[in-house]
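Thanks for coming. Please look at the sequence and the model on the screen, and I will walk through how the parts pack.

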Amino acid sequence: MSVQQRRKYDPDFKRNAVKLTKEAGRTISGVAENLGINKDLLYRWRREMRAKDEIAFPGNGREALTLQQQKIRDLEKKLRDAEMEREILKKAMAIFSRAPK
């Protein structure tokens, strides 16, 4: 029994495949057959394009985020780092401000 390799498609290929399905006179089954892919995969790509538009297909398991969502995520990370640094400095101040014995 042979193990089938999972094929990967780049985002441009997916976008172009979805565009082909929107052309007049083309069916999803026909486009899928011409491209050598499963029609169910093409249906899934169409749903994703409809839902996420320009941020669809980020690739490699990355979450599709808008520019604003990415900024929020970056700022939250900076805030967590700053809070952790503040806690470390508080503990260091407590240690160094103790009266020597």
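Let us begin with threonine 21. Leaving out residues up to four places away in sequence, threonine 21 touches Arg26, Ile28, Val31, Leu42 and Arg46, where contact means heavy atoms within 4.5 Å. Threonine 21 sits in helix H1, residues 11–22. Helices here are DSSP runs of H or I with at least four residues, strands are runs of E with at least two, and both are numbered from the N terminus.

Is threonine 21 buried or exposed? Threonine 21 is buried, with a relative accessible area of 7%. Buried means under 20% relative accessible area, exposed means over 50%, and partly exposed is in between, using a 1.4 Å probe and protein chains only.

A word on where this comes from. This is a predicted model, in which local features need pLDDT of at least 70 and side-chain atom pairs count only at pLDDT 80 or more, while totals for chains, interfaces and linings use all residues. Residues are numbered from 1 along each chain as its sequence is written, and side-chain values use heavy atoms, with hydrogens and water left out.

Now the overall count. The protein has 4 helices and 0 strands, and from the N terminus the order is α-α-α-α. Of its 101 residues, 16% count as buried.

Next, the helix pairs. Two packed helices are described by the angle between their axes and the distance between the axes. Axes are lines fitted to C-alpha atoms, for helices over the stretch in contact, and angles run from 0 to 180 degrees between N-to-C directions.

Take H1 and H2. Their axes cross at roughly 140° and come within 9 Å. H1 and H2 are therefore oblique to each other. On this scale, angles under 35 degrees are roughly parallel, over 145 roughly antiparallel, 65 to 115 roughly perpendicular, and the rest oblique. On the H1 side, Phe13, Ala17, Leu20 and Thr21 make the contact, and on the H2 side Ile28, Val31 and Leu35 do. By class, the residues of this contact are 6 nonpolar, 1 polar and no charged. Ala, Val, Leu, Ile, Met, Phe, Trp, Tyr, Cys and Pro count as nonpolar, Asp, Glu, Lys and Arg as charged, and the others, Gly among them, as polar.

How do H2 and H3 pack? H2, residues 28–35, and H3, residues 39–52, pack at an angle of about 115°, with axes 9 Å apart. H2 and H3 are therefore roughly perpendicular to each other. Ile28, Ser29, Val31 and Ala32 of H2 meet Lys39, Leu42, Tyr43 and Arg46 of H3. That contact has 5 nonpolar, 1 polar and 2 charged residues.

Which residues form the largest nonpolar core? It has 10 residues: Ala17, Val18, Ile28, Val31, Ala32, Ile37, Leu41, Leu42, Trp45 and Met49. Such a core is a set of buried Ala, Val, Leu, Ile, Met, Phe, Trp, Tyr and Cys residues joined through side-chain atoms within 4.5 Å. H1, H2 and H3 each supply at least two residues of this core, and the largest share, 4 residues, comes from H3.

Tryptophan 45 lies in helix H3 and is buried, with a relative accessible area of 4%. Tryptophan 45 and alanine 17 are 28 residues apart in sequence and 8.6 Å apart in space, C-alpha to C-alpha. Valine 18 touches Leu42, Trp45, Arg46 and Met49, again not counting residues up to four places away in sequence.
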